[in-house]
Number of protein chains: 2
Amino acid sequence: MDITDIAQRVSAGERRALARAITLVESGRADHRVLAGQLLAALPQDRQALRIGLSGTPGVGKSTFIESFGMMLIRQGLRVAVLAVDPSSSRSGGSILGDKTRMDLLSREADAFIRPSPSQTHLGGVARRSREAVRLCEAAGFDVVLIETVGVGQSETVVAEMSDLFLLLLAPAGGDELQGVKRGIMEMADIILVNKADGDLKPAAVRTQADYAGALRLLRKRPQDPDGYPLAMAVSALQENGLAEAWESMTALVNWRRDEGFWDKTRAAQARYWFEEDVKQRLLAQLQGAEARAALAALGDKVAEGDVDPSAAAQSFVEGLGR
Amino acid sequence: MDITDIAQRVSAGERRALARAITLVESGRADHRVLAGQLLAALPQDRQALRIGLSGTPGVGKSTFIESFGMMLIRQGLRVAVLAVDPSSSRSGGSILGDKTRMDLLSREADAFIRPSPSQTHLGGVARRSREAVRLCEAAGFDVVLIETVGVGQSETVVAEMSDLFLLLLAPAGGDELQGVKRGIMEMADIILVNKADGDLKPAAVRTQADYAGALRLLRKRPQDPDGYPLAMAVSALQENGLAEAWESMTALVNWRRDEGFWDKTRAAQARYWFEEDVKQRLLAQLQGAEARAALAALGDKVAEGDVDPSAAAQSFVEGLGR
């Protein structure tokens, strides 16, 4: 594999080269990891896309939203990449974004690039792979990188930590119906979009939007938020209503953060975060071998049954690792 | 130190022996750690208190609540221990619970035991110490252990993971005033108590209670919650209004969880969680020495400035650790 050649073609925005480069960074093989490191170092470092994290459970219309929102951006002359972070994809029996036909128009655009989630691995590995895929898309000159995830485990945190802004897509809730927002996700959202504000569901969407606007006001203001943010809006991806307003709110937020220095500060903090996480991952990798996992589970059973104290068990386990 | 003697005296409920035992488990000295392990193993393992986690920022009336609530429990014939988890205590210039005079009545009761937060250390260490202090209080025959924390960093998670139920204490909010609930804390609360529902603040407290009741309904139902939980209530610790109702709600919740098997299941899961956390802490302890921290910070600066890729930096750092 000619790394110089592939780096040049990625930099020129060639989608096939980009796809190949992402396959390379997704590989766990040691020789591929070396090549991936060389490739990342050979790419231009000064290109930045707007990285938009997007979370929403199945059924909220995420694909339709990405299709409509992505097409709108492309009509404005922007190049749009879509990536997925889904550590559960093989477990749940189907990768999100595995089926490009759900984004029929976008997938046929020359200025769009859509990439399904890598196959299942532990979240730390997914995070590293996705982070590197985002960097490849930036190097390939994309203006906007949408990073899609579902509400599973810690995947939102992973996506939020590699995004410049984070969207939470919700469906309208009926009167007493529980919305089912995973506890703790609201904390990450910069903008909550209540989708399906069309037809019969419109009143419910507007009411749900008002409920979330109220709930957001009960949370503490973060320094990186100008007045009025985080905000909740009602949109219809199907009828393409509210998408322009949502994009305006995003650019207003991002411009404010750039002007106030939060853009650079956040990116620097994220890079440091990923470095420290990567160090911890590498230290904790000792627990991921089959043998270590079996020993951890067996001792964990004894601890859960009350036979051994957690600290004492941990001490004997770590001493055993060193042997 | 005679471990057999101190274990017997703790088991007999002697408060001075309990205080000494907690001092022992709080110590970081290697010889003390060995003795602490012997002591924990020598204590009765079959006593369980109701462990109640309690979070609330300064100013919400936490001390007044603990005083009134604790006195109510004591009048019902229960023995009450109060512990604090506050990893920030020396940084913020004053340990919470450092001043027992804020709980004047409770601190003079023979059936109460109040223990300030251990002095500052990293959160992993605070967690281990607090967990062991809770076990000592249980072995000493206390019926209720209140574990107090403030809204700082991850301390709520730590407390929630060692509690059977988790209370969030809030003050009434004015009309447009932001309540300032740290994002993500609401997810842990079993019961939100809006304090100061007395005098001029009563209408605001009732309105705030309704706001949070609404916000809680927007969150996903957890399996360990019966219908109607998590719930929000308005109370007045000062006038002792609503405290009996709050206690009723707690016991109803706890009884339901016992009957449905969630009590044992949660305790077993918590023990396993602490075992695995303890293992990770011990592996990550390599990063806590002064030299390692300085190297991590220096390399982190380079990563933040964009000079080095996070993964590449992490790899070279971990290789350096092995040398």
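Which residue is the bridge partner of B:Leu168 in β6(B)? The views below come from a predicted model, and the opening view starts with that pairing.

**View 1. Strand β6 of chain B and its two neighbours.** The bridge partner of B:Leu168 in β6(B) is B:Ile192. That pair belongs with strand β5 (residues 165-170) of chain B, which runs parallel to β6(B) and is joined to it by 4 bridges. β6(B) also pairs with strand β7 (residues 231-234) of chain B, again in the parallel sense and over 4 bridges. Look here for B:Val194, which stands opposite B:Ala234 in β7(B). Strand β6 itself spans residues 191-194 of chain B, and both of its faces are covered. B:Ile191 and B:Leu193 lie on one side, B:Ile192 and B:Val194 lie on the other, and all are buried.

**View 2. From strand to helix to strand in chain B.** Follow the chain from β6(B) through helix α8 (residues 202-217) to β7(B), and you trace a right-handed β-α-β unit. In the loop between α8 and β7 of chain B you will find B:Pro230. The peptide bond leading from B:Tyr229 to B:Pro230 is cis, with omega near -5 degrees.

**View 3. The cis peptide bond of chain A.** A:Tyr229 and A:Pro230 are likewise joined by a cis peptide bond, here with omega of about -10 degrees. A:Pro230 sits in the loop between α8 and β7 (231-234) of chain A. As background for this view and the next, most residues other than glycine have a negative phi, and most peptide bonds are trans.

**View 4. Two loop residues with positive phi.** A:Lys196 is not a glycine, yet its phi is positive, at about 70 degrees. You can find A:Lys196 in the loop between β6 (191-194) and α8 of chain A. Is A:Lys196 buried or partly exposed? Its relative accessibility is 27%, so A:Lys196 counts as partly exposed. In chain B, B:Glu240 has a positive phi near 60 degrees and is also a residue other than glycine. B:Glu240 belongs to the loop between β7 and α9 (243-259) of chain B. With 45% relative accessibility, B:Glu240 counts as partly exposed.

**View 5. Strand β2 of chain A, enclosed on both sides.** Why is strand β2 (residues 80-85) of chain A described as largely enclosed by the rest of the structure? Because 6 of its 6 residues are buried. A:Val80, A:Val82 and A:Ala84 point one way from β2(A), while A:Ala81, A:Leu83 and A:Val85 point the other way. β2(A) pairs in the parallel sense with strand β3 (residues 112-115) of chain A over 4 bridges, and A:Val82 stands opposite A:Ile114 in β3(A). A parallel pairing over 6 bridges links β2(A) to strand β4 (residues 144-149) of chain A, where A:Val144 is the bridge partner of A:Val80.

**View 6. Where chain A meets chain B.** Here 54 residues of chain A are in contact with 54 residues of chain B. The two chains bury about 4900 Å² between them, with 64% of it on carbon and sulfur atoms. There are 4 salt bridges between chain A and chain B. In one salt bridge, the side chains of A:Arg135 and B:Asp309 meet at 2.9 Å, N to O. Elements giving two or more residues to the side of chain A that touches chain B include α6 (123-139) and α12 (310-322) of chain A. The largest share of that side, 11 residues, comes from α10(A).

Notes. Residues numbered from 1 in each chain as written. Chains lettered and ligands numbered in written order. Predicted model: local features only at pLDDT ≥ 70, side-chain atom pairs only at ≥ 80, totals over all residues. Heavy atoms only, no water. Buried < 20%, exposed > 50% of the residue type's maximum accessible area, 1.4 Å probe, protein only. Pairing = 2+ DSSP bridges. Right-handed = clockwise from strand over helix to strand, strands pointing away. Contact = heavy atoms within 4.5 Å. Buried area = accessible area lost by both parts, 1.4 Å probe.
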